[in-house]
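Trainee: Can you walk me through this one? I have the sequence and the model open and would like to go piece by piece.

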Amino acid sequence: MALAAARARTLRALSRPRPPGRVPAAARSCCSPAGGPGALPPGEYRAWRDRAARDPAGFWADVARGWLRWDSPFHTACQPEAPAGSARWFLGGRLNVSVNCLDQHVEKSPNRVALIWERDEPGTAVHVTYRELQDLTCRLANTLKKYGIQKGDRVAIYMSVSPLSVAAMLACARIGAVHTVVFAGFSAESLAGRIMDSGCKAVITYNQGVRGGRTIELKATVDEAVKNCPSIKHVFVAQRTDNKVQMGDLDIPLEEEMTKADSVCTPESMDSEDILFMLYTSGSTGKPKGIVHTQAGYLLYAALTHKYVFDYQQGDVFGCVADIGWITGHSYVVYGPLCNGATSVLFESTPVYPDPGRYWEVVQRLKINQFYGAPTAIRLLLNYGEEWVKKYDRSSLKVLGSVGEPINKEAWQWFYEVVGEGRCTLVDTWWQTETGGICIAPRPSEEKAEIVPAMAMRPFFGIVPVLMDENGEVIEGNDVSGALCIAQPWPGMARTIHGDHQRFIDAYFKAYPGYYFTGDGAYRSQKGYYQITGRMDDVINISGHRLGTAEIEDAMADHPEVPETAVVGYPHKIKGEGAFAFIVLKEQTACVDHIKEELKTIVASKIAKYAVPDHILVVKRLPKTRSGKIMRRLLRKVVTEQSSNMGDVTTLDDPSVVKEILDAYQKYKEKSSS
């Protein structure tokens with residue numbers, strides 16, 4: 001009863017009286033898949049917001065009927081959470097995601113540009129129409145079918161950003177296979193772990209990748225990975241470069257097979273709750289989590305947020321520079337934009353290749369209207385000054401977006417004033433792999449409503465945030481901080497963790513029963529706006545990549561001379577957060593610097609280069625409780641230089657360890673600065 005009352009109070013606080021009837025007719029017509037989504041009618045924002053908060057099933061049912069193309073209509077919009085974490089959407093409905101992203105647009109505008117592939121080599125962009133992308137997708141889908149891939153099978157995609165990698169995702173969706181895209185910077189061991197956990201039957205890859213002027217040996221990484229993956233029956237190899245690679249018994253030349261395949265592939269009709277994809281994300285334990293997203297709810301949420309957060313209008317060129325290996329690439333490079341019939345930019349390169357003006361030269365050349373990037377890149381480019389930005393015409397820009405981590409005020413102001421010339425809307429977006437799409441952002445809003453720098457601000461339609469205190473009670477009022485939770489389900493949320501639903505429940509619904517726990521802390525301002533304050537668990541955000549400290553610790557623990565490790569995050573000027581490792585060495589261990597280099601190599605090979613700790617400090621012992629648990633909060637205090645406020649250390653087995661570590665840190669700091 002207390003829980004129900006708390007949730008009712010939350011809804012009352014965040015909603016106005018319910019408007020009569022359904023989503024307004026003007027709004028329904030603007031969502032017609034035939035004509036593509038249009039602008040939110042003036043004055044309708046509040047009605048949509050309040051209806052979505054108070055009557056989520058009715059709201060999402062109306063939007064889904066108008067936005068998506070269905071093979072069979074759904075009979076129930078939402079099966080409520082009972083128990084928590086079991087909500088299901090659009091029950092009985094059937095559709096195909098690739099039809100929604102391709103066929104419906106080919107019927108109306110076959111020559112509209114779907115993708116602009118901004119290749120690594122400057123000035124060599126490739127334009128791909130919806131008809132061409134459909135052809136590519138169908139040929140790839142028929143090739144997969146020829147080699148025994150069918151509905152429900154898992155397919156790993158280990159490719160750099162390209163039209164073919166997008167077609168690989170859509171081809172899986174067309175035949176009902178489940179794709180798991182693995183970022184093409186991950187090591188062979190990380191790739192193998194994801195393949196084995198998901199039970200993939202095939203891998204799609206390139207001979208090599210190209211990024212920042214460098215060649216990346218993708219096929220060689222796959223070869224190393226599949227040695228330990230007996231589930232893999234085929235490796236489909238496409239050519240990104242002209243260089244030859246060794247082909248083995250499992251390998252199939254992809255483009256050669258696609259030329260033989262039919263350009264028509266009948267789409268598989270999928271249940272709304274069938275799995276669309278799995279994407280692995282880090283948690284506070286060492287093993288990555290295979291987050292599961294399903295068909296209709298995910299697609300609808302990605303499309304709706306793409307449209308209204310960025311005010312996407314038909315004819316705009318949408319430029320999200322994320323890699324497809326991350327959820328941002330899934331939702332705002334591929335599925336959201338393509339469902340909306342948009343022109344989406346695929347960015348293969350880096351922000352500083354061949355020089356720090358690359359982003360803005362691309363904006364000028366492609367006439368990008370919405371630019372969505374990471375604070376890490378903005379902070380990096382800020383250091384090069386304004387001349388690299390002002391060298392190029394950015395008058396096409398209308399909306400700027402920030403994603404991956406909270407953006408600091410200095411970077412926000414530079415992004416807004418220098419890049420956007422003080423005239424573009426800047427949306428600082430908060431969301432997660434698990435949420436499927438943007439949950440809190442300054443837009444949509446009432447017309448010309450204020451935007452507070454470096455603040456996510458407003459919940460999206462149907463998102464009801466609450467702040468919880470340490471006792472699990474809802475924190476009422478404004479000018480307060482707490483654990484950020486969401487009070488009711490929404491269509492885009494993940495359904496489970498592959499193979500471990502109990503872990504899903506424990507991670508997201510156990511801490512605050514009846515609520516989805518994001519793992520982040522937040523502040524609610526005096527005006528009721530939300531600002532994300534950072535992770536509350538042992539997860540750090542390095543350059544927008546979420547990484548469990550336990551993953552780094554597990555990798556380093558493989559070194560025979562390192563019996564104990566502890567990793568914490570610390571503020572980093574460019575990356576947002578960096579990893580700081582404390583290690584204990586065996587007695588009589590020599591060549592400490594050599595061991596540190598070996599540890600860095602191990603982390604790079606087991607996870608990825610971005611996971612390598614920036615600092616490794618040798619200590620005699622780690623701070624542990626009497627039960628043997630490492631108190632990482634004390635280590636965070638050390639590296640953030642808050643040692644004057646260590647808090648309660650009485651539970652430590654030996655409190656004198658704190659002074660030992662502080663002394664070691666001070667010596668390390670002095671040595672590093674000399």
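Trainee: How do H18 and H19 lie relative to each other, and why do you call it that?

Mentor: This is a predicted model. In it, the axes of helix H18 (residues 549-556) and helix H19 (residues 592-606) cross at roughly 120°. Angles over 145 count as roughly antiparallel and 65 to 115 as roughly perpendicular, so H18 and H19 are oblique to each other.

Trainee: What is the hand of the crossing of H18 and H19?

Mentor: The crossing of H18 and H19 is right-handed, and their axes come within 9 Å.

Trainee: Which residues meet there?

Mentor: From H18, Ile552, Ala555 and Met556. They meet Leu599, Ile602, Val603 and Lys606 in H19. By class, that contact has six nonpolar residues, one charged and no polar.

Trainee: Different pair. At what angle do the axes of H8 and H9 cross?

Mentor: Roughly 55°, for helix H8 (residues 188-198) and helix H9 (residues 218-226), with the axes coming within 8 Å. H8 and H9 are therefore oblique to each other. H8 passes H9 in a right-handed crossing.

Trainee: And which residues of H8 meet H9?

Mentor: Ala188, Leu191 and Ala192. On the H9 side they meet Thr221, Val222, Glu224 and Ala225. The contact of H8 with H9 divides into five nonpolar, one polar and one charged residues.

Trainee: On to sheets. What is the order of the seven strands in the open sheet?

Mentor: S5-S4-S17-S16-S18-S19-S20, with mixed pairing. Strand S5 (126-129) and strand S20 (425-428) are the edge strands, each pairing on one side only. From one strand to the next, the twist averages 20°.

Trainee: In which sense do S4 and S17 pair?

Mentor: Parallel, over four bridges, between strand S4 (residues 113-118) and strand S17 (residues 343-347). Leu115 stands opposite Ser344 in S17. Helix H13 (residues 358-366) packs on this sheet and touches S4, S16, S17 and S18. The direction of H13 makes about 145° with that of S4.

Trainee: And the four strands that form an open sheet, what is their order?

Mentor: S23-S24-S26-S27, with antiparallel pairing. Its edge strands are strand S23 (465-468) and strand S27 (530-535). The twist averages 45° from one strand to the next.

Trainee: How many bridges join S26 to S27?

Mentor: Five, with strand S26 (residues 516-524) running antiparallel to S27. Arg524 stands opposite Tyr530 in S27.

Trainee: Changing topic to backbone geometry. Which residues does a cis peptide bond join, with omega about 0°?

Mentor: Tyr353 and Pro354. Pro354 sits in the loop between S17 and H13. A cis peptide bond also joins Arg443 and Pro444, with omega about 5°. The loop holding Pro444 runs between strand S21 (440-441) and strand S22 (458-459).

Trainee: What about phi of Glu421?

Mentor: Near 55°, a positive value in a residue other than glycine. Glu421 is in the loop between helix H16 (409-419) and S20. As background, most residues other than glycine have a negative phi, and most peptide bonds are trans.

Trainee: Last one. Which domains is the protein divided into?

Mentor: Domain 1 (44-94) and domain 2 (543-673). Taken over C-alpha atoms, 46 Å separate the centres of domain 1 and domain 2.

Notes. Residues numbered from 1 in each chain as written. Predicted model: local features only at pLDDT ≥ 70, side-chain atom pairs only at ≥ 80, totals over all residues. Heavy atoms only, no water. Pairing = 2+ DSSP bridges. Helix = DSSP H or I, 4+ residues; strand = E, 2+ residues; numbered from the N terminus. Axes fitted to C-alpha atoms, helices over the stretch in contact; angles between N-to-C directions. Parallel < 35°, antiparallel > 145°, perpendicular 65-115°, else oblique. Left-handed = near helix turned anticlockwise from the far one by under 90°. Contact = heavy atoms within 4.5 Å. Nonpolar A, V, L, I, M, F, W, Y, C, P; charged D, E, K, R; others polar. Domains from an automatic or database assignment.
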